[in-house]
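Opened the notebook for a pass through this model. I'll jot down what I looked up, one entry per topic.

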Amino acid sequence: MDLPQHLQLHIVSADRLLVNEQADEVEIPGADGYFGVLPGHTPLLAALGMGELWYRQGQEKHFFSIVLGFAEVQPDRVTILAQMAEKADEIDVARAEAAKKRAEERMVTPTVDMDFERARIAMMKSLIRLQVAARARIRS
């Protein structure tokens with residue numbers, strides 16, 4: 001059996017389909033760390049963590065912020081089902097900066113009823129969004 005030349009990539013968030021394209025390579029933020037996928041990859045079902053997902057078409061890379069969900073990998077396709085996914089150029093940097101500031105304030109001045117884990121997750125989401133948004137600015 002011949003190996004496929006490309007991967008059919010689907011990235012779906014809770015509210016929309018973001019990508020339905022062919023890709024040459026994908027790097028995915030798994031719950032246990034990042035992993036790369038090339039055409040012909042062994043079938044895999046993985047939990048997603050929070051992080052930066054990118055895929056490559058030729059020499060061009062596309063960047064996304066991903067928060068939790070699942071990845072299904074087949075030799076010829078990758079399906080990402082994420083709770084939250086944003087394209088780098090769609091990220092509202094001012095909103096992400098404000099969320100980061102709120103999370104920092106919550107973590108620095110904790111209250112008795114504060115949910116520290118929720119504040120930590122909010123901080124991680126904002127930092128990832130800012131990192132991915134910076135990728136879009138660098139490429140522009």
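Predicted model: local features only at pLDDT ≥ 70, side-chain atom pairs only at ≥ 80, totals over all residues.

**Burial cut-off.** I call a residue buried when its relative accessible area is under 20%, and exposed when that value is over 50%.

**Arg129.** I started with an arginine in helix α2, Arg129. Is Arg129 buried or exposed? Its relative accessibility comes out at 7%, so Arg129 goes down as buried. Next I looked for a polar partner: the side chain of Arg129 makes a polar contact with the side chain of Glu86, at 2.6 Å. I then listed what else Arg129 touches, skipping residues up to four places away in sequence, and got Ser65, Met84, Glu86, Ile91, Asp92, Arg95 and Ala96.

**Ala136.** I stayed in helix α2, which runs over residues 116-139 and also holds Ala136. Ala136 has a relative accessible area of 15%, so I count it as buried. What does Ala136 contact beyond its neighbours within four places in sequence? I found Ala88 and Asp89. Ala88 sits 48 residues away from Ala136 in sequence, yet their C-alpha atoms are 5.4 Å apart in space.

**Helix α1, length.** I checked the geometry of α1, residues 93-108.

**Helix α1, sides.** Which residues of α1 are buried? I get Ala96, Ala99 and Ala103. They cover an arc of only 60° around the axis, so they lie on the same side of α1. On the face turned away from that buried side I noted the exposed residues Ala94, Lys101 and Val108. Ala96 had already turned up in my list of what Arg129 touches.

**Helix α1, start.** I zoomed in on the beginning of α1 and found a side-chain oxygen of Asp92 within 3.2 Å of the backbone nitrogen of Ala94. Asp92 is also on the Arg129 list.

**Rings.** How many aromatic pairs are there? My count is 1. The pair is Tyr55 and Phe64, with ring centres 6.0 Å apart and planes at 25°; planes under 30 degrees apart count as stacked, so this pair is stacked. Tyr55 and Phe64 are both buried.

**Charge over a ring.** Last, I looked at Trp54 and found the charged end of Lys61 over its ring, 3.9 Å from the ring centre.

Definitions and conventions:
Residues numbered from 1 in each chain as written. Heavy atoms only, no water. Helix = DSSP H or I, 4+ residues; strand = E, 2+ residues; numbered from the N terminus. Expected span 1.5 Å × (residues − 1). Buried < 20%, exposed > 50% of the residue type's maximum accessible area, 1.4 Å probe, protein only. Arc of directions from axis to C-beta. Polar contact = N/O pair within 3.5 Å; in protein donor to acceptor, adjacent residues only side chain to side chain. Phe/Tyr/Trp six-rings, centres within 6.5 Å; stacked < 30°, edge-to-face > 60°. Lys NZ or Arg CZ within 6 Å of the ring centre and 35° of its normal. Contact = heavy atoms within 4.5 Å.
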